[in-house]
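Student: Could you walk me through one part of this model up close? I'd like to hear about the nonpolar packing and what surrounds it.

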Amino acid sequence: MLETSARLLRLLSLLQAHREWSGADLADRLGVTPRTVRRDVDRLRGLGYPVNASPGTGGGYQLGAGAELPPLLLDDDEAVAVAVGLRTAAGQGIEGIGETSVRALAKLEQVLPHRLRRRVGALNAFTVPMLRGPQAGAVDPAVLTELANLCRDAERLRFEYRSRPHSRTDPSGGTPIGDLTRRTVEPHRLVCTERRWYLVAWDLDRDDWRTFRVDRITPRPPHGPRFTPRTPPAEDLAAFVSEGVSTRAYAAHAVVRLLVPLEEAIERISPSAGQLEPDGPDACILRTGAASLDVMVIHVMLMGFEFEVLEPAELTEAIRTARDRLARSLARAEEPAPRTRGGADRTPGTRSGSSAAC
């Protein structure tokens with residue numbers, strides 16, 4: 001049996017990881033009696049943690065927002081600073097900490113008093129970051145925490161989803177836009193790759209697992225009801241999302257052997273561009289997709305590595321066609337420039353009769 005102090009920390013962790021627990025479930029997890037659970041809950045309340053209890057058969061324990069912060073060794077200003085920092089890290093997809101930031105932010109905001117939530121919201125609403133490069137795929141941290149909470153609590157999510165932009169344009173600005181659909185899903189996990197976030201969820205209308213870009217999601221509450229989580233579509237959800245966004249989403253697929261070690265390829269090829277696997281010490285296999293085989297040729301060439309096409313055979317023919325087209329273009333560029341009847345050079349970019357500066 002756990003000692004009291006360790007058991008209290010374990011109980012607090014369970015309450016933070018789930019919206020509501022029954023007394024029996026907590027007792028089973030902690031290896032104690034329901035009476036001990038009740039005493040431990042009272043101890044947490046005495047320390048300032050806002051644990052709510054609902055009586056009856058369907059009742060249980062829930063960690064809520066209190067009038068004061070629990071003793072996290074943070075004062076009000078420190079709590080605001082941490083929340084703002086976590087929101088910034090989550091919204092900008094900082095490599096390696098984005099998903100962790102969302103989990104930590106969801107836990108912290110759950111117990112923030114209302115007055116501190118207002119301060120955090122004001123700082124985020126009226127602060128403009130100056131960042132390098134375009135922020136395509138930027139996500140509202142409030143949406144991330146909302147999705148994270150729904151995943152944690154196994155509640156259905158209703159949202160509007162904007163599909164991939166196509167040739168139809170927005171009449172106001174001429175920008176390509178996608179179709180807007182209403183979706184109802186059972187959210188499972190959030191996956192962060194580079195600067196983009198994806199939601200893995202069971203789509204109730206399509207009766208299958210789907211991957212959604214979070215920056216295209218607009219939640220439409222109310223959410224719910226609760227559901228029993230399904231077996232996930234893959235053990236490695238990061239690989240599942242990588243395959244979905246880099247291969248399954250495209251019409252043309254290819255398998256290419258890159259003649260470089262896996263470690264070197266990983267530095268140049270992102271998970272959203274394809275899946276990599278080792279093939280001996282000096283080579284690796286790339287599985288990727290593109291809108292067409294012609295685009296695939298450019299996609300593979302721009303990676304900058306020597307390669308060998310494994311499949312499909314049609315990709316080899318597309319490369320041969322591109323090679324011949326490039327060879328003809330080079331041959332034309334190397335031909336002598338035609339001259340006019342007066343002997344003037346008609347090289348593109350020059351004017352007849354003009355003199356060149358030396």
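Tutor: The largest nonpolar core has 21 residues, and those with the most contacts inside it are Val 256, Leu 258, Ala 265, Ile 269, Met 296, Phe 305 and Leu 315. Such a core is a set of buried Ala, Val, Leu, Ile, Met, Phe, Trp, Tyr and Cys residues joined through side-chain atoms within 4.5 Å. Two or more residues each come from strand 8, helix 9 (262–268), strand 10, helix 10 and helix 11, with strand 8 giving the most, four residues. Helices (H or I, at least four residues) and strands (E, at least two) are DSSP runs, numbered from the N terminus.

This is a predicted model, with pLDDT of at least 70 needed for local features and 80 or more for side-chain atom pairs, while totals for chains, interfaces and linings use all residues. Residues are numbered from 1 along each chain as its sequence is written, and side-chain values use heavy atoms, leaving out hydrogens and water.

Now zoom in on helix 10 (residues 293–301): Met 296, Val 297 and Val 300 are buried there (under 20% relative accessible area; exposed is over 50%, partly exposed in between; 1.4 Å probe, protein chains only). They sit on the same side of helix 10 because they cover an arc of only 105° around the axis, taken from the directions from the helix axis to the C-beta atoms. Asp 294 and Ile 298, on the other side, are exposed. The buried residues of helix 10 pack against strand 8 (252–258), strand 10 (284–290), strand 11 (307–311) and helix 11 (313–334).

Back to Ala 265: beyond its neighbours within four places in sequence, Ala 265 is in contact (heavy atoms within 4.5 Å) with Leu 258, Val 260, Leu 276, Cys 284 and Phe 305.
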